[in-house]
Amino acid sequence: GGGITISPAGGADVFFAIQNNNIQNAVTTAINTTAPGTTAAAEIHGTITGNTIGTPGVVDSGSRTGSGIDNTLGGAGTMTLLIEGNEIYNFASSGIGALARGSSRLNLTIDNNIIAIGEEEPHGMVLYQRQATGWVRIAGYENGLPLGDDEYVADLAADFGYPLVVVAPNRIGVVNQTLQTPIAAGGCLD
């Protein structure tokens, strides 16, 4: 049960694409991008798209002890990733995890992934840990704003302490939803 790990050292500039893989029964994290503890200013750019991790309804089929996709950066580097169109099932830790330490910068675009544990309906569960600097854009989950059973996009914005930018489609009913978003996030309307 192996997975895929991208782990450059030092101040390397790395470009990668992890696409259209089927990863089953990984012992640890199925797809892991990491540059921990580096003091050099590494530049890491990548895409993680179209992968299937695990099988719906099959216990531990995605990862027995780790995450579906995990991204960790330390030191002074920058990691910019697109995580899109993946199906992630039955993992031990998080569907998609991210951690930046020190003065590192982690920039993520997470879009249109299916994440589920057990027989549950797919949802947008993403577990984040505090990061130093960077940005996160989350969109396109099947059930909208929830990130988990008790976690919402508003909670994620508050945890990061980032300004909240609301992008809304042009359709009937969206004005009310758009006005409710900053209220739910604890912001104020001017």
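In the predicted model, strand S8 (residues 78–84) is paired with strand S11 in the parallel sense, and seven bridges connect the two. Within this pairing, Thr 80 stands opposite Asn 107 of S11. Strand S11 spans residues 105–111, and six of its seven residues are buried, so the strand is largely enclosed by the rest of the structure.

A further set of four strands forms an open sheet with parallel pairing, in the order S3-S6-S9-S12. Strand S3 (22–23) and strand S12 (114–116) are the edge strands of this sheet, each pairing on one side only. Strand S6 (residues 52–53) runs parallel to strand S9 (residues 87–89), to which it is joined by two bridges. The bridge partner of Ile 53 in S9 is Ile 88.

The loop between S6 and strand S7 (69–73) contains Ser 61. The relative accessible area of Ser 61 is 1%; because the limit for a buried residue is under 20%, Ser 61 is classed as buried. A polar atom of the Ser 61 side chain lies 2.7 Å from the backbone nitrogen of Thr 55. When neighbours within four places in sequence are left aside, Thr 55 is also listed among the residues in contact with Ser 61, together with Gly 54.

Methods. Residues are numbered from 1 along each chain as its sequence is written. This is a predicted model: local features need pLDDT of at least 70, side-chain atom pairs count only at pLDDT 80 or more; totals for chains, interfaces and linings use all residues. Side-chain values use heavy atoms; hydrogens and water are left out. Two strands pair if DSSP finds at least two bridges between them. Buried means under 20% relative accessible area, exposed over 50%, partly exposed in between (1.4 Å probe, protein chains only). A polar contact is a pair of N or O atoms within 3.5 Å; within protein, one must be able to donate a hydrogen and the other to accept it, and residues adjacent in sequence count only if both atoms are side-chain atoms. Contact means heavy atoms within 4.5 Å.
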